[in-house]
Each structure stands twice: as C-alpha cells, then as structure tokens.
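I'm opening my notebook on a new structure today. I'll jot things down as I look them up.

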Amino acid sequence: MAKSYRPQDEEPRIRQRWLQSGCFASQPGSSRSPYCILIPPPNVTAALHLGHALNNSIQDALARHARMKGMDVLWMPGTDHAGIATQTVVEKRLALKGKRRTDFTREAFVAQVQAWKDEYEATILSQLQEMGASCDFGRTRFTMDPVCAAAVRAAFHRLFDEGLIERGRRLVNWDPATRTALADDEVEMKDVDGRMWYLRYPLEDGSGHVTVATTRPETMLGDTAVAVNPRDPLAASVRGKRVRLPIVGRVIPIVEDDYVVMPVSRGGDPADAKAQVASGFLKVTPAHDPNDWEIGIRHGLAVVNVMGPDGAISDRHGWTDVSPEAKALVGLSRDEARKAVVDRFRRDGLLEDEKPWKQTVGHSYRSGARIEPWLSEQWFVKVTDDRLRGAALRAMEPAQFDGEAPAGQAPGDGGLRFYPARYARTFQQWHENLRDWCISRQLWWGHRIPVWSRPAAGEGAAVGAAAPAGGAMVPVASAWANRGASHRVRRRDDGTLEELLCLPEGGDALVAEIEAAGFVQDADVLDTWFSSALWPMSTLGWPDPKAFGMQGLLERYNPSAVLSTAREIITLWVSRMTMFNRHFLGGRVPFRHVFIHPVIQDGFGQRMSKSLGNGLDPRDIIHSHGADALRYTLLDMTTDTQDLRVPVEMVDPHSGESFTPEFTRAPSGHQVAAPLQRSPRDPAKSMVSSYGAASGLATPSEREPLARNTSSRFDLGRNLATKVWNAARFVLANAPAPAASVRRADLDRLDRWILSRVARAVRLADAALSEYRFSDYAAACYDLLWRDFCDWYLEAAKPSAKQDPRRQAVMLAVLDAVTRLLHPAMPFVTEALWPAVQARRAGGTVEGLALAGSELLAVAAWPQCADELQDAAAEADFQRLQGLVNAIRNIRGERQVPPKRRVILHASSGARALVSGWNGLVEALAGLESVQEARSTRGSGSAAFPFEGEECWIDGLVDQADAGAERSRLEKVIADRRRAVQGYQGKLGNAGYVAKAPPKVVEETRAMLAAAEADLAAAERALAELGRA
RNA sequence: GGGCGCUUAGCUCAGUUGGCAGAGCAUCGCCAUUACACGGCGAGGGUCGCAGGUUCGAGUCCUGCAGCGCUCACCA
C-alpha cells in the first residue's frame, strides 16, 4: 500500500465495481422497508456546480446510510429540460453563427436543443458517478421522457376538466428578448438608477393642468385615466374633470382611488418614500402596470396596449386612437420612446421637473432583459384555489405552522416537516401571498399544451351563447367529450366565442379528426415547473405505472423520505410538488421531510455563479483532492445556520502549484479572479482564469491555458482520507493472522474503552443523520477515527499489537466499524480498504459489536452496538489516564524535551496506582522510563505539576538544570489555579448562588474548588521547594 | 418596506435545557519515532458586534442599536 491515499488510482476502479454489481438498484420486490429520495433534477443547461455537489453529497450520505441500515433504497436520478434556459443557450449559440430560431422549422430547432440536452445529460450523469452518487441509474429520468410526458398530459387534462386551469388575457411578466411570458418567480428584481419625471397633463377645460410623476414616461401613450386620492385636498378642485393627453390627444377622466399616495405636502405619510416624490396625481396605464390594471378594473377604464411583443411601441396590439404626432413614435424601442416622449414634454413646456430615482426593476432571470408587464392571452393554474393552496398549507406539520394550524384529518394533512424548522414559515408566507400561476410559455422547447381551439361552432356555439363575460369556461356535451376529451367554450374579451378541446393522455387518436374540424393546437409549451411539479409521481410511473413496467413503485416509494433542496426552491417547487401530489394522489404528500441546504459562496461571500465564473467545478476538486475529500468537506461545513464560504484558489497549469489569484472587480461589482494570471513560479508564463473565459475577456490557448480552480478548504477531507488509509495500513501490518473471535470477558480496559467510543460515535452519527445535522455526523466520524482510534487507541496498542491476537481482533473490528461509519461520507477510500479488512477479519467477531460481512461495503450492514459496549467506567478511567499523560506531555513540550528521551515520574499513591493499573500504557504514551514514589526531596532540574490535587514531578528532562524556566512554568500554573480558586470562591461566597442555584451545581462547584485548591497547594509547595534547592 | 439568518481566536465555523469559552486551518516551538510531514507532541491567541434588561449566574433569554447576507414585495 502507498504511503498516502491516491484517489485517482482508486476511484475509477471502485466506481466500476459498484456499477457492475448493481448494488445501487432499488428492489421494489424485497421485504425491506423502502427509503426513497428523488433527486432535484438538475438543468441540462450546463454541467453540475459545487452547489449540486453539496446537495448530492447530502443525498448520497442519506441514501448510503439508509442502505447500510438495511432499507431498500431508491435514489432516483434525472435531469430537467429547463425550457427557457436551455432554449436560450441554444439560441445564443446560433446567434454566434448569425442565425435565429425562426430560421429553422420548429422540429429542426427542437432537434438542436435535443442534441444539446443529450450532451449535457451525459455530462451530468457522469459527474454524479464521479462524485460517487449511489443513484439507481437504471431508472434515470428526463422531464420530457415519455413517462413524464404522459404525466404532464394526464395532470393537465384533469386540472382542465376540474376547472383548475383557465385561459385569460391578463398582464403577465413579459420578456421582450425571448418573447415569452414568465412566472413571478422567474423575475429577478434588480436595483437600477432611474429617473423620476414630472409631466403636466392639461385639463380639458383649459383651467390648468395636473402633474403626474412617473419613471416610465413612454407608457403615457397608453394612459386611460389620471387618479387622485379622494382625501387629497386638491381632489375636489378636479372632481369630474378630464385631461387631454399630450402627444396622443386622448381625453381621459380623472378618477378617485385610495391607492394613490398623497405627497407629504398634502398630508402624505412622510415615512413613505413614495410620498416624498409623489405629485398626488397618478397616471393610470392599465395595459402596462399591474396596479393600474387593478385601478382600471375598479373604475371600468379602457385598456390601451401600446407595445408589441418585442417591447417596441406598436399600434397593432390594441392601440387604435393613434394621433399623427403619436404615429412618429410607433416602432421605437421602449428606451427610444422614453427619450422621445420626454423630449416632447420638454419642448412643449410640459416637463415640470426630473430627478434621479433609485428603483428596483424586474429582469428576466434568463435573458436579463427588463421585464415588461404586458397584456396577453395566457394559461393559468388556479393555485389559489383551496384544492391546491389550501392543500399545501394543510400539509404542514401543525407544530411548524405559525398561528392556528389549518391541518385537518384528511390523509396527508400535517405530513410535511421542514429542516431547519424556520423554513416552514417561508413556505407558509409564500402561500399566503400566492397569485395564479402563469404556465404558458411562448417557446418551442418543452411540453406542448394539449389544447386545441377554434372559433366556436356547432354545439360549442350553442352552449357558448350563454357563456358569461370574463372568460369562464363552460362545459360542452359533445361526441368528443364522450370520447374522453374535455370540451369547453368561453367568451373572450373581444366578445368572440372560443371553443376548446383538451385531449387526455393517450387521446391523440382524436387529433386528426378535430384538426379536420378546424381545431388548432395551442402553439405554446408549458412552464418547465409544471413537469417538475409532477417529478415525485411521473418518475414512479403515474398515472399508469403498468404501461411503463413500473407496477407498485408509486405505492412503495411515494411519499419519498426527504427532499433536499436549496432555499429559493421552497417557494416554487416544493409548493407545486406538494399541491400536485396531494391533488392527484388522494392527499398524499410527495415527501415527509424537506431539508433546505446552505448556499455555497466564494471567499468574498458572493454566491457562486457559472456565468460570472467565480465558481468551482466539482471536477476540479475531484482532480485536486479526490471525490471523498469533496464530499466529506462539504458535509462537514453543512450546519443549520451558516452558508458555506469556500475561497477559490487556482492551480497553475505550468507548475501544478496552487495559489491565490489576483482579484479584480467585474462590471457587475463582483470580486473575481482577474482574466489573466501570472504563474507564481515563473512570471514569464501566464494563464486564463475561469472568469476570463466566462466573460470572454481572455481566451485560453496552448501558451495561456485555462487554469483549474481548487480550494485549500478541501485539505480537511483529503487529510482524513489519508488518515483512514494509514490507520488501515498500520492495523493490517500489525494483525497479520486472521482475527479470532473475542468475548467481552476477554477484553481489557483499553479495548473496552475504544469499543465504548465506537458505540458512542455510532449513536451520534445516527442521531445526526436522522436530523440532517451533517456537520455533526462528519465530526463524529472525525473524532472517532482521528482522536480516539489513531491518537490514543493505536498509540496505546503499539506495545502489544504484534503479540496479542485479542488486541488484533479488536483493532480490526474497530477499523471495520470506522470504515462503515465513514462510508456515507467517503465511499471510495472506505470501499478501497474494505476487501483487505474483511479478508483479515475472516469472520472473527467481537462480542457486542455486530459487523456482518459483505462483499461490498456499499451494501454492508451499519455497525450495531449492544448496550454493554457503552462502558462508563472504562471511559472515566481512560479520561484519568489522558489527564496524566497530557500533564506530562505538556511539561515535555514546554521544556522542549526530545520525544526519544525517557523521563522519570515521581508520583504519589493515587497517580502511581493509576499508572500501574494501565500496565505500562502511561509509560509508553508519556515517554516514561520509570515511575517512583514521590519523596520529600526533589532533584534539581525536576519539573513539578499537580495531578488530582497531589504533587508529582518529573526528573531527567534535560541534562542541564534550568531553574529559571521551571520557576516561570510553575508560576504560570499557580496563577492559573489561583484564578480558578478565586472564581469558585467568589461564586460560593455569593449568598444568592448558594441559596438559589440547584444543589447539584453548588456541590460540583465545591468539588472543583477543593480540587483547584489542592492543585494550587501542590504547585506552591513545588515552587517553595525550588526556592530551597 | 415585510420575513429570515448571521456578527465568538488571524481565517472558516461549533457551542445541547443559561453553570469556568471549543474544533479545524493558519502562527510559533520540539520531533526525519519503524501507519501517516496530507504526520506526531506541545504552545500562544477571544472584554463572544454595541448598549441596556431579566437572573445567584448570560456567548446562550428579552429589548434597542449598528453592520453583513439571503428571501419576498415594491417600476409614483
């Protein structure tokens, strides 16, 4: 065996063994209890980043732990088609070649996206395997697989049929760059330096003007009213009046509405930032502002849409009264139009004022374009319906609900629990502010909406004649309805009747027929989250598991055990999965627990972002530190409250050395590694940083290669992997023969101590994992392996290891237990060691520590510890030994005694009994030549120390006595003990403390005072002795 | 603006129901000791963000303030 663990040598081999053995495959037919985790399917947009590595390390630790606990584990892997994101990256690539989506047919374009998807899906799956993820790869899903498509069709049809899906002309978040609607959660709010303009609108009767304040003057083309607060002192003077809109010439009313904020000068709230800038008159543009839309509804205002889907001014989307002057603005972009409108107002003396104004404006989370609230016809899921929103809220565990919990007695009610608990509140509040969910996207990549429509005819027209305004869908009884289609008619805003057919899953036989009847399929696709929301069901075969050979999976693995995901996902995805799973599966929750993991940040506390290039590729860490180091370190950092800060370093491709790069500030304000970096070894050579490559500011070449990144943060895990590797080397070298079986009665105190520590570590690990405390799990492994096993047990075992078969058996058993305990975090190194450890153990047993044999560690049993293994007496004794050894080592260290030099301990009866009771262990661990009775006279050059209140000293530290050093050392001890004594005395001198503190605590304080006093006296005696010498 | 979190050693973070402040890394000293220098043994380093309060006792509980971060909302 090599002196240190070399991940690159072992990982590919181990990965092969796992995959060949099929040990990660779920066993739905087995009698073991099921444990299921559904991977949050990563986007096929790009390769996995460090955040994925964290989430997958978490899920794999849980999956491997459950598997070793004897459960039937299904960790379902898969990827997500990410409609807008994937389409955008492909379109961007086409744009480099000067092409656009519309240069292709829909089919040809989708084929190109498909090719991209295939490439990245393969990358993602191979990354998962590189990390050691124990997914059931045979069941890998993609959200556009036939099985997922069937679920989408079935779900859509049922929601449509139940009236939970509707179509309507509403203001949506419109991305003019990609020309699609977006859901609220796809909009990113960004701070922008804008301006506030004050525009004068002349009153129609010539009696003056009103001044409106706006940040978006271009929308005035679509104004259909001016609003004023009825409590505004000026309201009466304009009551019933109208204004003539400049440029357009449209005459519009002045309406009164409470929504309008009054300026501070007229009674507005000075604390309200809006009141600071408000003029008291609000231009109302129902087609271009959500609040104005509401005002429009309240006052029955006209809706004038002055923009096209590209965000440019247009007279073809609902603007009919275009004046000759306004005509000149048609075709201008939003920004050009803004400038033009302001120029006109300025020219005409109607621009009263303008000032800088900071505002936050929505941007598309994909294209980055400014979002336009735009009027268009879209599909919505009525998530605010109690059947959906109410079901999600009732799923919450009552104890985590803030306020009166709505959970009822229905199946699944109260069945959802959040870890950490505080995220339950986020979930709850999100639902309380929920709006209907816009699910149509004007894209080509995604699940096509399964609805066909035509202008109403026949039965549709007859039924529709009675359809109300407002777009409500009215069922139509028809032959198509009898054959499974959901047939509806509705009255559109323009009064025309639209007839709709939603075909069920498997209902495509009707397509030719209805298309012949004039029905046309909706061109849009569904929001990706619609299929993601069905992930816990679709991956298990819903709605028809038999059709896909998945009988029984849905019943067995849904609800899954836990969903592990990121914070921002609580709102959209967890909610939607909960609503859909409950709605379609009789109230069942999709998972019992939701674990929210931390966010990974770079060394400056900035979120890692691929587009920014400040992130770490997990493959780089695997390259520099190994997969185990990556996984262990991430788990170790995963606490309840802190995000993970991982400073990024670079690896010099010329020398292989790691170094801290030069940082610079990106235009976005982020701290990033400068595009070009000089080699720290040879300043003549340079390299390109990942920011350089991502931003296009530098291009990697043979002379200036792209540098990999790394982080010394992962040294922790790498060192631990080497530690377990070397512990195994030592044990295997010292236990050459197959291990015997040992009974508990055969064990000495040292063995009983380490076995007690093993039992404790297993207990801690189980408790930690069951509550998603990954850092505590990692620490329990670390402490057992490094501190207890290596530092103390193996050191203490050295003198006896080679001769004592019983010691060898225990050593091997503990090593075996350690590899099992560590396996969920570090699967590769532990699996690599496993065959040798098992061969040497050869079925030998240690009574009380059950470690069933197995060919692969991945499916070996988790250690089972009998209660007797916990040995408080052995632990207490060992702690005394550690106390004495530490005291001696401390003196040796301070006096710089070389390790090889043996010293003589002079001890009183208590310490001598301790030493002799441990059969030479203290001598070995503390480097003692002999132990002698403490007599009243001490040799010069000796060093004294108090131990359990008795004076002990050490002789033979150095050849030359150094009284000065000894004096100052003792004075330090005395000062320390004196401080302790004063502290305890102070407490006990406090009448309130003695009277009110629990008697047990007071008693402990008394004991500690006595011990400190005895130590102090011993040290003072030693100092006095030194003075005499 | 609403909600949530954070502020403890140079750095990254723990700190259970209030009861003498911890770990890893970094620093310093000793050590080529036959598992491991990705190592061993020691050491130094903290008025626990600030100000009040509750309590016999506060890093821990309460109030206020400051700074940082996340998230939701806000385009007058």
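Predicted model: local features only at pLDDT ≥ 70, side-chain atom pairs only at ≥ 80, totals over all residues.

**Two helices meeting**

I started with a helix pair: Ala629, Tyr632, Thr633 and Asp636 in H21 meet Leu716, Gly717, Arg718 and Leu720 in H23. I sorted the residues of this H21–H23 contact by class and got four nonpolar, two polar and two charged.

Next I looked up the geometry. H21 covers residues 627-637 and H23 covers residues 715-734; their axes come within 7 Å and cross at roughly 120°. H21 and H23 are therefore oblique to each other. I also noted the handedness: H21 passes H23 in a right-handed crossing.

**A second pair**

I then turned to H26 (residues 805-822) and H27 (residues 827-841), whose axes come within 10 Å and cross at roughly 155°. Angles over 145 degrees count as roughly antiparallel, so that is what H26 is to H27. The contact takes in Leu812, Ala813, Leu815, Asp816, Thr819, Arg820 and Leu822 from H26, and Thr830, Trp834, Val837, Gln838, Arg840 and Arg841 from H27. By class I have six nonpolar, three polar and four charged residues in the contact of H26 with H27. H26 passes H27 in a left-handed crossing.

**Stepping back to the chain**

I wanted the overall picture of chain A. I found 33 helices and 40 strands in it. Its C-alpha atoms fill a box of roughly 115 × 70 × 70 Å along the principal axes. Of the 1029 residues in chain A, 55% are buried. I also checked contacts between residues at least 6 apart in sequence: 74% of them join residues at least 24 apart.

**The cores**

Which residues have the most contacts inside the largest nonpolar core? I wrote down Phe156, Phe530, Leu534, Trp542, Phe789 and Tyr793, in a core of 206 residues. Helix H25 (residues 774-801) supplies the largest share of this core, with 16 residues. Another core lies apart from it, with 39 residues, including Leu203, Val306, Ile313 and Cys438.

Skipping residues up to four places away in sequence, Leu534 touches Ala151, Val152, Ala155, Trp542, Phe580 and Phe584.

**Single residues, one at a time**

Phe137 sits in the loop between helix H4 (106-131) and strand E4 (141-142). Is Phe137 buried or exposed? Its relative accessibility is 16%, so Phe137 counts as buried. Apart from neighbours within four places in sequence, Phe137 is in contact with Leu19, Pro77, Leu125, Leu128 and Gln129. I also checked Phe137 against Pro28: 109 residues separate them along the chain, and their C-alpha atoms are 15 Å apart.

Thr143 is in the loop between E4 and helix H5 (146-161). With a relative accessible area of 0%, Thr143 is buried. Not counting residues up to four places away, I listed Thr79, Asp80, His81, Cys148, His447, Ser531 and Trp535 as what Thr143 touches.

Gly163 lies in the loop between H5 and strand E5 (165-175). I got 29% relative accessibility, so Gly163 counts as partly exposed. Gly163 and Ala472 are 309 residues apart along the chain, yet their C-alpha atoms are separated by 9.0 Å.

Arg15 is in helix H1 (residues 7-21). Leaving aside neighbours within four places, Arg15 is in contact with Gln129, Glu130 and Phe828. I compared Arg15 with Leu849 too: they are 834 residues apart along the chain, with 29 Å between their C-alpha atoms.

I went looking for cis peptide bonds. The bond from Tyr419 to Pro420 is cis, with omega near -15°; Pro420 lies in the loop between strand E15 (417-419) and helix H12 (423-432). The bond from Asn558 to Pro559 is cis as well, with omega near 5°. I placed Pro559 in the loop between helix H18 (553-557) and strand E24 (560-566).

Last entry: positive phi angles. Gln896 is not a glycine, yet its phi is positive, about 55°. Gln896 lies in the loop between helix H28 (872-894) and strand E37 (903-907), and is exposed at 68% relative accessible area. Asn919 also has a positive phi of about 55° without being a glycine. I found Asn919 in the loop between helix H29 (909-917) and helix H30 (921-926), exposed with a relative accessible area of 70%.

Notes: Residues numbered from 1 in each chain as written. Chains lettered and ligands numbered in written order. Heavy atoms only, no water. Axes fitted to C-alpha atoms, helices over the stretch in contact; angles between N-to-C directions. Helix = DSSP H or I, 4+ residues; strand = E, 2+ residues; numbered from the N terminus. Parallel < 35°, antiparallel > 145°, perpendicular 65-115°, else oblique. Left-handed = near helix turned anticlockwise from the far one by under 90°. Contact = heavy atoms within 4.5 Å. Nonpolar A, V, L, I, M, F, W, Y, C, P; charged D, E, K, R; others polar. Core = buried A, V, L, I, M, F, W, Y, C linked by side-chain atoms within 4.5 Å. Buried < 20%, exposed > 50% of the residue type's maximum accessible area, 1.4 Å probe, protein only.
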